[in-house]
Amino acid sequence: MAADDPSTLPAIFPAWVDRLQIKYFNPVVKPLSKFLPGTSLITHRGRKSGKTFQTVVTSYRKDNTLAIALGHGKTDWVKNVMAAGEADIRLFRTELHLVNPRILPAGSGDTSLPFLLRVQNRKVAVLVTDIA
């Protein structure tokens, strides 16, 4: 399978944590995301339904690049962003348009990533996008 295929991404969280986060944690954090450091709200379009979704993520910006550690591995929002080739994100109170999404596999050791992401990238993949 290709490196940018989300189904091949390692997950460090069990499935029950994902369900707990989606049902309870995200609805609480979503309205607070513009005030919490490192917490962002990514807006993406469903690849089958075309419906707009918002997902809480932890993002890191470096110059005109934005990166997100994929600790949950295969997720619908990652597949949606990859299929659309774009997304929007609210980083604090700033809206940014993201283009050219690509996935760096776990252990890629990309030195262009911010330090905290390089550490996380040892075990998880990272979604990297350009800011349009």
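Lys74 is partly exposed, with a relative accessible area of 47%. In this predicted model, Lys74 sits in the loop that runs between strand 3 and helix 2. Its C-alpha lies 7.2 Å from that of Ala11, although Lys74 and Ala11 are 63 residues apart in sequence.

## Helix 2 and its packing

Helix 2 covers residues 76-84, and its buried residues are Trp77, Val78, Asn80, Val81 and Met82. What do these buried residues pack against? Their partners are strand 1 (39-45), strand 2 (52-62), strand 3 (65-69), strand 4 (86-91), strand 5 (94-104) and strand 6 (126-131). Just after helix 2 comes Gly85, with a positive phi of about 75 degrees.

Trp77 is one of the buried residues of helix 2. With neighbours within four places in sequence left aside, Trp77 is in contact with Ile42, His44, Thr55, Val57, Ile68, Leu70 and Leu127.

In soluble globular proteins, nonpolar side chains tend to be buried together. Here the largest nonpolar core has 18 residues, and those with the most contacts inside it are Ile42, Ile68, Leu70, Trp77, Ile89 and Leu127. Two or more residues of this core come from each of strand 3, helix 2, strand 4, strand 5 and strand 6. Helix 2 gives the most, with four residues.

## His44 in strand 1

His44 belongs to strand 1. Is His44 buried or exposed? At 5% relative accessibility His44 counts as buried, because the cut-off for buried is under 20% relative accessible area.

The side chain of His44 makes a polar contact of 2.9 Å with the side chain of Thr55. A polar contact of 3.2 Å joins the side chain of His44 to that of Asn80, and Asn80 is among the buried residues of helix 2. Leaving aside neighbours within four places in sequence, His44 is in contact with Lys51, Thr52, Phe53, Gln54, Thr55, Trp77, Asn80 and Val81.

## The largest pocket

Rolling a probe the size of a water molecule over the atoms shows where empty space is left. The largest pocket holds about 910 Å³ of space. Its lining has 36 residues, of which Gln21, Thr55, Val56, His72 and Trp77 lie nearest the pocket centre.

Which elements give two or more residues to this lining? They are helix 1 (15-29), strand 1, strand 2, strand 3 and helix 2. Helix 1 gives the most, with eight residues. By class, the lining has 17 nonpolar, 13 polar and six charged residues.

## Positive phi outside glycine

Asp63 is not a glycine, yet has a positive phi of about 55 degrees. Asp63 is located in the loop between strand 2 and strand 3. With a relative accessible area of 65%, Asp63 is exposed.

Phe92, also not a glycine, has a positive phi of about 55 degrees. The loop between strand 4 and strand 5 holds Phe92. Phe92 has 41% relative accessibility and so counts as partly exposed.

Note on methods. Residues numbered from 1 in each chain as written. Predicted model: local features only at pLDDT ≥ 70, side-chain atom pairs only at ≥ 80, totals over all residues. Heavy atoms only, no water. Buried < 20%, exposed > 50% of the residue type's maximum accessible area, 1.4 Å probe, protein only. Contact = heavy atoms within 4.5 Å. Core = buried A, V, L, I, M, F, W, Y, C linked by side-chain atoms within 4.5 Å. 1 Å grid on protein atoms, 1.4 Å probe; cavity = no way out; pocket = protein on both sides within 12 Å on 5 of 7 lines; lining within 4 Å. Points joined across faces, edges and corners; volume = space filled by probe spheres on them. Nonpolar A, V, L, I, M, F, W, Y, C, P; charged D, E, K, R; others polar. Polar contact = N/O pair within 3.5 Å; in protein donor to acceptor, adjacent residues only side chain to side chain.
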